[in-house]
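Hello,

The structure we discussed is below. My notes follow it.

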Amino acid sequence: QGSLNAVIEGTEAGIWHWNDVTGEYNFSEMWAEILGYTEVDMIPLSTEDFVQLVNDDDQHHMMERLHAYKAGEAALYEAEFRMAHRDGHWIWVTARGRLMTTTSSRQSDWLHGTYTDITARKSLELDLKQAYHNLDEFTAVASHDLKSPLRGIADLVEWINEDLGGSVQESVKHNLDRVQIRV
């Protein structure tokens, strides 16, 4: 038990237990701290109370992942979503869990799992997406800015070849051909 607690503390994961039948929801002190609360601030917590903490835009995804797990389409319940921090800002969490018990009629009962704060990782992902977007825009502008003068040079070489016709020295023709190839 001591080493398990050390692992949990080391990963900074909050632990949750949810009864799918009764809607009862229990959690660890670390789970409450992730959201800026103490364990006492948060008790009691029902499924409805929990869902109200989840960002409206993420609720569908979270429930979709839960239903997929309960339907046997996934070996583990796993979802990333935003939750309301006590301070009023959103934090990103990864929820992972498994069904541990079932009722006598084989209905899911208690699910147990962890929450991990992934806000810093999500922030880096958004920064990276923005950097890629900026790079794409720069590449498009640079490509256009480079292609435009090169097209002009290619057109000029073609016009010079047309103006010279067949009466051009072989070395000049060779050099004009090299310019066109390099353009």
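One aromatic cluster is formed by Trp16, Tyr25, Phe27, Trp31, Phe50, Tyr77, Phe81 and Tyr115. Rings of Phe, Tyr and Trp (its six-membered ring) pair if their centres lie within 6.5 Å; planes under 30 degrees apart count as stacked, over 60 as edge-to-face, the rest as tilted. That rule gives eleven aromatic pairs. Trp16 and Tyr77 have ring centres 6.3 Å apart and planes at 80°, so this pair is edge-to-face. Trp16 sits in strand β1 and Tyr77 in strand β4, so the pair ties together parts 61 residues apart in sequence. Trp16 and Tyr115 have ring centres 5.9 Å apart and planes at 45°, so this pair is tilted. Trp16 and Tyr115 are both buried (under 20% relative accessible area, 1.4 Å probe, protein chains only).

The model is predicted: local features need pLDDT of at least 70, side-chain atom pairs count only at pLDDT 80 or more, and totals for chains, interfaces and linings use all residues. Residues are numbered from 1 along each chain as its sequence is written, and side-chain values use heavy atoms, with hydrogens and water left out.

Next, the core. A nonpolar core is a set of buried Ala, Val, Leu, Ile, Met, Phe, Trp, Tyr and Cys residues joined through side-chain atoms within 4.5 Å. The largest has 25 residues; Tyr25, Trp31 and Phe50 are among those with the most contacts inside it. Strand β4 gives the most to this core, with four residues. (Strands are DSSP E runs of at least two residues, numbered from the N terminus.)

Best regards

How values were computed: Buried means under 20% relative accessible area, exposed over 50%, partly exposed in between (1.4 Å probe, protein chains only).
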